[in-house]
Amino acid sequence: MKRVLIILLVLIGLLAGGGYFLFLKAITPGDVPTIVLNAEEAIATSGTIAISSIDMGHVRRIDDMFKGVKDPSPLSAPQQVEPKSAKSLLEKLNKQGINLYKTTDYALATINVGQEKPAYTFVLFGRYSSNKLKQAIRQSHLVDESTKGYWLITPIVEEKKITDPCAAPDSSEKKSALKQQALHIQNDRILLSSPELMPVLLKRFASKARAGVSLEKWWNFRKDKVVAGAFMSPKEAKKGAVDLSSSLLLGAVANQPLTDIYGGAVVTVFPKPGFTVLVDVHSSEAAWPLEVKTKFDAWVIEIMGELKEMPTLASLFQSLNVQADGNVLRFKTIADKTTLNNIEKVPVEFLKMIFENVSFGSDEEGGAEKIIKEEDLNKYVSAYDFSSAINFDAKKSFYKTDYVVGPFGVRLKKISLLETDNSVIELKIITEGNGFENLSDDMMHKSGTSSATSMLVTGVEDKEGNNLLREEQCGKTRNSIAASLNASRDKEFVEGKWLSKLMKVSGSKDVRLKSNVPLSQVANIKGKIVIRAATRTSVKSIKPPFKKKVIETSKVRMYLKKSSPRSIKYDLSGDMSHILAIRAKNEKGQYLADHSSSSSGDEKIKTISKRFKGKVASIEVIVADEMESKEYPFEINQIDLQYGKAGIGTQIGMMTTTKKAILRKYAKAKYNDACKDKQKVELEGFLVCLNKFGDRWGREIGGEFDVVAPADEALQNDLGAGVLTIDSVQTEGGEKIAFNKTERVGFEYKFDTIYNKKKKDWEIVNKRLYGSNVSVYSDNEGLKNKKISVVNGTLTIRIPKEPKHFELDADEIGVFTKKNGITANISAFEDWSTYIDFQGPVDNVMRLMPLTKSGTILKTGNDRINEKQYSTFGMSDEEKEKIKLLPKKWQGMITIYGKPEVIRVYYSESFDVIKRKFQFSVK
């Protein structure tokens, strides 16, 4: 029954959406013309299951009465945006200068299932020129005039010379054949249908045939409605499906005990402009309408309790009237401008319900007034010169800067292999600069011109000056486009006050090299940073009423519209970035905090709505009267890998021990105050503590543990010495569920100190190895919605029997080494860290050790090996599909202090193990 309600509500929703269009476009029509009635009889064959109509004459007549307030003279966009290609026949005709909306008075449509394939028939009545239509259609269709009385038209599809790599892969083996349609044109009528049905329809028109199905109910329902539609044979509805979505919807309709469905909209002008949406559902079962109404009423009562935080949606549900009238179920709802405005509040209320501590709300519900101090506002000076920007100080930079140009420092932050292609190297260049003013920070005002701040890499070359960049086609990191930079304002605490400093600009740009280009071949990286700022500004103050007031310069036009007490609405055209900021004030002249913003439209003209936390008594608009762009070129001509300063970190050699030695030496080890106030289990020299257990982000179930072990250097040296496993869990009902998830512990050396008064010196005590927050989670569907009471696990300590090693050249990225089933390669350098990808029995890997040319072991930090996580943000659909097919990998990371010659990878093929079982009760 819920499915029935959903289907009917979907139908109502569709009609309501059309009704909103009609609210602006149409008034109640008069009698239907005889020519239309005759056409309905002709196209309603015995196979017709649905019919609809629209009075286009009334649509146009009301257009002037209910037009929204529009900017009468918007400016042109500063940059020509490539128009979207037309898809439908109407769009293509309109592109050729033939506007059927203006020349059509009435329109009919039917679905006919009497042929082998469902046929959708359209009849338009108006004033047409056969020759002009034919000429226009030939621009986008192949026209076959061999048939008598009508044309066969087929869309012309140009084959793309280059396959779009940004498009999602076509999973279908065969693409569907191009759809051919039959078109018959007279001076007062256009008939469009399938080639199979067209001869039948023309004969019926010529003979003035009577309808093959009864139209009495349809004519009675359609009276006085600008738009109307009907399913006259719901049982046959599924036959009219042409794709999966229509098959599901029409199939659901066919499964109900329905004989007819009628829907339409009656437009009203007085006393209040609006419309009434009506749906009549006729059933073959007399009890069905009352049954649906009873269940609907109960469902509404139930849903009202769940919509306490969404009063607008609740009121919309309550406005829907459902009545059972014999064997007819009638739906009725009235929508006026207030209702339509309320629809906009539904998403806001939903977000407010989800994020309880985040303020959303509507224009009227903005909550308590919130004032912004003037010193907290972004500053815009009346005149700005780029020479005031502060030169970058490389000495104060934490990392080594590769190039300084004026206020900017530039460096090569990351070198990595492309995740979907190991033959391609990707470079990340980052920059940071400060001392700017008058940068546009309103994202709603972004126009077709370049971003206020951007960075472009113009070339990566070898020593001979050959370009090494590959030709990118799509994706966030494609080489040929500029990357937008982030602008933010720092603050400084001076004499008890936070003072705003000048604007800081920072960001990055990623580029990719051609396949199989080694890093050693890269000689220089060239690029530029572009800053676009207002060199002269002015402030315009406006008081209500805002409607039809204009702010205009030679570059931008802001056309204000009717607004509410807590919001303003306006159209922007021209170079929209010239409107730097819009601020609202209350009656006391205090600035109001922003609440939220929304926009619609395109590069030519945007309609923007801004809401504030308080009632708006006036607005202040900061306008860029003049804007300039400044370029800062850079060139990195020494490609050096970054390593930390020698001497920092921890030096760890390769120490070995035995299982027997560990058990004998640490059998009675104790760890004072470890895991205080946590559940813990002592395991003969080891300790496991439960930090928490439960749901994570609604997607996984598991827990986080701390593990304490003896401070044996051999264990400390081994990345895989400790392994923690959740074997199974038990529910409150006693059900035991296998968990079988394992994670490396990752020990770190810890100790405490005490002051020895006799020796007058500090002493190290309580030495231990500590693995903190070992996360073991599972996304097993069988665990969801289960209340876990007991966790059963195992701590495994592995002792390698015979450590072995192989070496990787420390500065060679993408060179693969395989040893005893383990494949390893350096996959990235980032700042001071080196990343190594592994495949195969990675559990056997114990240690990553950097060595100098003389064999000295360098100090390291952050040593770890984890499962490799792939990011798909900003990737093309093609690349995302490739990511899904990548094999499972692990990634080692090691921060190196000093310049290494090689990285030695220690592993073992056999281990002695110490296993300790543990159990926790989940509280």
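## Lining of the largest cavity

In this predicted model, the lining of the largest cavity consists of four nonpolar residues, one polar residue and five charged residues. The lining residues are Leu 412, Lys 413, Lys 414, Ile 415, Asp 640, Leu 641, Gln 642, Phe 829, Glu 830 and Asp 831. Strand E15 and strand E40 (822-830) are the elements that each contribute two or more residues to this lining. E15 supplies the largest share, four residues.

The space in this cavity amounts to about 60 Å³. The structure has seven cavities of 30 Å³ or more.

## Nonpolar cores

The largest nonpolar core has 56 residues, and the members that touch the most others are Leu 427, Ile 429, Phe 436, Val 460 and Phe 838. Strand E15 (residues 408-418) provides the largest share of this core, five residues. A second, separate core holds 33 residues, among them Leu 690, Ile 737, Ile 914 and Phe 918.

Which residues does Ile 429 touch, leaving out those up to four places away in sequence? The contacts of Ile 429 are Val 410, Arg 411, Leu 412, Met 455, Val 457, Gly 507, Ser 508, Lys 509, Val 511, Ile 525, Phe 634 and Ile 636. Of these contacts, Leu 412 also lines the largest cavity.

## Helix H2

Helix H2 spans residues 34-43, and its buried residues are Val 36, Ala 39, Glu 40, Glu 41, Ala 42 and Ile 43. The cover over these buried residues includes strands E1 (48-55), E2 (104-112) and E3 (119-126), along with helices H7 (198-207) and H8 (216-222).

How values were computed:
Residues are numbered from 1 along each chain as its sequence is written. This is a predicted model: local features need pLDDT of at least 70, side-chain atom pairs count only at pLDDT 80 or more; totals for chains, interfaces and linings use all residues. Side-chain values use heavy atoms; hydrogens and water are left out. Buried means under 20% relative accessible area, exposed over 50%, partly exposed in between (1.4 Å probe, protein chains only). Contact means heavy atoms within 4.5 Å. A nonpolar core is a set of buried Ala, Val, Leu, Ile, Met, Phe, Trp, Tyr and Cys residues joined through side-chain atoms within 4.5 Å. On a 1 Å grid over the protein atoms alone, a cavity is a set of points where a 1.4 Å probe fits but cannot get out, and a pocket is an open set with protein on both sides within 12 Å along at least five of seven lines; lining residues have an atom within 4 Å of a point. Grid points are joined across faces, edges and corners, and a volume is the space filled by probe spheres set on the points. Ala, Val, Leu, Ile, Met, Phe, Trp, Tyr, Cys and Pro count as nonpolar, Asp, Glu, Lys and Arg as charged, and the others, Gly among them, as polar.
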